[in-house]
Amino acid sequence: MSAVIKVENLSKQYRLGQIGTGTIGHDLNRWWARLKGVEDPYLKIGETNDRSKKGESDYVWALTDINFEVQKGEVMGIIGRNGAGKSTLLKILSKTTAPTKGNIKIKGKIASLLEVGTGFHPDLSGRENIFLNGAILGMTKREIQSKFDQIVDFSGVERYIDTPVKRYSSGMYVRLAFAVAAHLESEILILDEVLAVGDMEFQKKCLNKMKDVSLNDGRTVLFVSHNLTAINQLCDNSLLLANGKVVEINKTSVVINKYYQQNSSIQQINEVKFEGLLNNYLQFNEFTINDTNPFSNELMVHPTEKIECKLIINANNNTPPIRICLALFKENVRLFSISDYDSYETSIGTFSCSFTIHNNTLRSGIYQIGIGVRTVDDIWTWNESICSFQVSDIYANNFQQLDYGIFNANKFSSAKRQ
Amino acid sequence: MEKLVTNEINENWTEVIGAKNGLLHFGLKDVWQYRDLLILFVKRDFIATYKQTILGPLWHFIQPVLTTIIFLILFNKIANISTDGILAIPFYMSGITIWNYFLACLNGTSSTFVSNASIFGKVYFPRLVIPLSVIISNLIKFAIQFLLLFSVLIYYWITLGKNYFSWSWLLIPLILFMVAALSLGLGLLISSLTTKYRDLTVLIGFGLQLLMYATPIAYPLSYLMAKTKYAYLINYNPLTSIVEGFRFAVFGNINFQYNSLLYSCIIIVITLFLGIIVFNKTEKNFMDTV
């Protein structure tokens, strides 16, 4: 294994606001500083990039001191909230803008795909655009020619190949554009959220193609997306950015978990905002999973462990009979709900309620917990994502229990040959 | 420090993306690698311009014909300015043809950054490819207009028996190359300077109009020289000797000094050199300011 991308002390500064007569003064200062041979005075100032807060300075650091390496053949995901610096990093990697400080060292040919169909001309036919787009992305005419049939085949728009692309449906347009990009012959491929296009079938095709590219051709891929499912499927390792800094570089599952945690500053269940009218009657005091506070810790559960969630509630004297339920979500799909009672029971004062998921039920992955309470008159309180936990993937090397699916099916089903 | 340097060499990185390039980094090697793209851009411009038109490239005939007629009326008939012993129509047409090439190249190259920002922001290729493709695309336009001039000359040869064809035509490619280089150099400078502050674009608009009158397009240099004592100023315009040179190449019989081209050549080399340096410097960060 050798590093093909090495990022060293990378920083990027941006100026906020309008460019106008105000900036010319700064430019002159900077120029004067360079003449005198001193450091740019505006590099010393600048604040971390938090888009929601009003800042003092006109300059912000979109990236500060980024350091990481990517190995050959590795598929690395980059995640982070809007404005964390993902796109800036990709822009610098794809050389559309230069860093303010630091550098990136690269081994091999690099191709970036920050947008599908860059340079497509609406008046040119599909065929002409394949050549143009391919050349813009760095392919030679000969390379494109040799892959032309594959590209057309992959795109599935053969019938329209001699029609101007302005007559294409938006889906066809994107299919063609992605097909070109997928056949790039570069050692390093940089992708920015381009999979969020096309229909389901095509998205799947793209994901498979990306996997194929890294597994079989040994190419290195950097992939930025908000689609955590895709990141999880594709990337071995991931990098989490926040406010222009690297928060975590680790195995993808760990990084995604960290990302979920990072998205909330909540330390206890009583800080979680619940919806519904029942809120006026009761209060959630404490929530633990296997006796650990899932809000302040990154919770990792072994698949052979049972998962015991304990909820402590304080209900005032007027609380009607209630039923408490815990729901489990994975990637926004509700897997199941467990209720403490089949009917409605009255509880007043402080009481606790526990939910258990038996051992060997869940396979590895990240799960979100939702909690709700409801009365017989349909008054309720609910939050479908109060916290998350992760089930570790110890089965990965054990073929017989390879982690397909969400549940361990032998818990509730069986198969027999007759 | 010593150790660090050897370490870098051992790891043999193919590329290092840093804050700045070397000052004399021209990137011509990169352009050569992307020569297929250059050709495709030229093809794209050509196809895209004439898609869904009926007359297609014929449109390029109409503009020089109309301009020639106006010049003929204005300068020849009304102002009575001589045409250096050359027939009036070919005289004006030659000036307009070479001027049009300069104008089209400069207009095209000087908006490189601003009008291609959307592509430049998404993918890297040597930025020089775009202005070079403009120069080449316009060469096609020039060829069409030159064909018109050529047909006019043939017409006069047949009807009036005036034969302008001579060995001096071999000079035409050199003149063309000089126009291309000058407009490229100027265009690169302007496009780089306008990424941040757009003021210059306003100036260029009417500046080019004025420049046409300061270049012997509608009148011969000899006429101006005879008329006023400030006429020597026009020799500082590098386009003067180029246009005169073009007329000499086409018509042969005017009084032309070869060494006046030398001055233009020096200016061109300096402009082009500066242009490429500034352009390459700008391309690194222009996305942040454009």
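**Entry 1. Domains of chain A**

I looked up the separation of the two domains of chain A and found that the C-alpha centres of domain 1 and domain 2 lie 38 Å apart. The model is a predicted one, in which local features need pLDDT of at least 70 and side-chain atom pairs count only at pLDDT 80 or more, whereas totals for chains, interfaces and linings use all residues. Residues are numbered from 1 along each chain as its sequence is written, and chains are lettered from A and ligands numbered from 1 in the order in which they are written.

I noted the bounds next: domain 1 of chain A covers 110–261 and domain 2 of chain A covers 269–409. Such bounds come from an automatic or database domain assignment. The contact between these domains takes 7 residues from domain 1 and 6 residues from domain 2; two residues are in contact if their C-beta atoms, placed from the backbone, lie within 7 Å. On the domain 1 side, helix α8 (residues 252–262) of chain A gives the most, with 6 residues. Helices (H or I, at least four residues) and strands (E, at least two) are DSSP runs, numbered from the N terminus. By class, I recorded 2 nonpolar, 4 polar and 1 charged residues on that side of domain 1. The classes are nonpolar for Ala, Val, Leu, Ile, Met, Phe, Trp, Tyr, Cys and Pro, charged for Asp, Glu, Lys and Arg, and polar for the others, Gly among them.

**Entry 2. Sheets of chain A**

I traced an open sheet of 6 strands in chain A, with the order β6-β7-β8-β4-β9-β10 and mixed pairing. Two strands pair if DSSP finds at least two bridges between them. β6 (110–113) and β10 (245–251) stand at the edges with a single partner strand each, so one side of each is left without a neighbour in the sheet. From one strand to the next the twist averages 15°. Within this sheet I checked strand β4 (residues 75–80) against strand β8 (residues 220–224), which pair in the parallel sense over 4 bridges. The bridge partner of A:G77 in β8(A) is A:F223.

I then traced an open sheet of 5 strands in chain A, ordered β12-β18-β17-β14-β15, again with mixed pairing. Its edge strands are β12 (300–301) and β15 (333–339), and each pairs on one side only. Strand β14 (residues 322–330) of chain A and β15(A) pair in the antiparallel sense over 6 bridges. In β15(A), I found A:R334 to be the bridge partner of A:F329.

**Entry 3. Chain B**

I counted 13 helices and 1 strand in chain B. Along the principal axes, its C-alpha atoms fill a box of roughly 80 × 50 × 40 Å.

I examined one helix pair of chain B: helix α5 (residues 88–110) and helix α12 (residues 238–251) pack at an angle of about 135°, with their axes 10 Å apart. Axes are lines fitted to C-alpha atoms, for helices over the stretch in contact, and angles run from 0 to 180 degrees between N-to-C directions. That angle makes α5(B) oblique to α12(B); angles under 35 degrees count as roughly parallel, over 145 as roughly antiparallel, 65 to 115 as roughly perpendicular and the rest as oblique. The crossing of α5(B) and α12(B) is right-handed. A crossing is right-handed if the near helix is turned clockwise from the far one by less than a right angle, and left-handed if anticlockwise. B:S94, B:G95, B:I98 and B:F102 in α5(B) meet B:L239, B:V243, B:F246, B:R247 and B:V250 in α12(B). I sorted the residues of this contact into 6 nonpolar, 2 polar and 1 charged.

**Entry 4. Chain A against chain B**

I found that the contact of the two chains takes 33 residues from chain A and 27 residues from chain B. On the side of chain B, β1 (15–17), α3 (35–50) and α7 (117–120) each supply at least two residues, and the largest share, 6 residues, comes from α3(B). The residues of that side divide into 14 nonpolar, 5 polar and 8 charged.

A:F131, A:L132, A:A135 and A:I136 in α3(A) meet B:D36, B:L37, B:L40 and B:R44 in α3(B). This helix contact has 6 nonpolar, no polar and 2 charged residues.

In β1(B), B:E15 is the bridge partner of A:I106.
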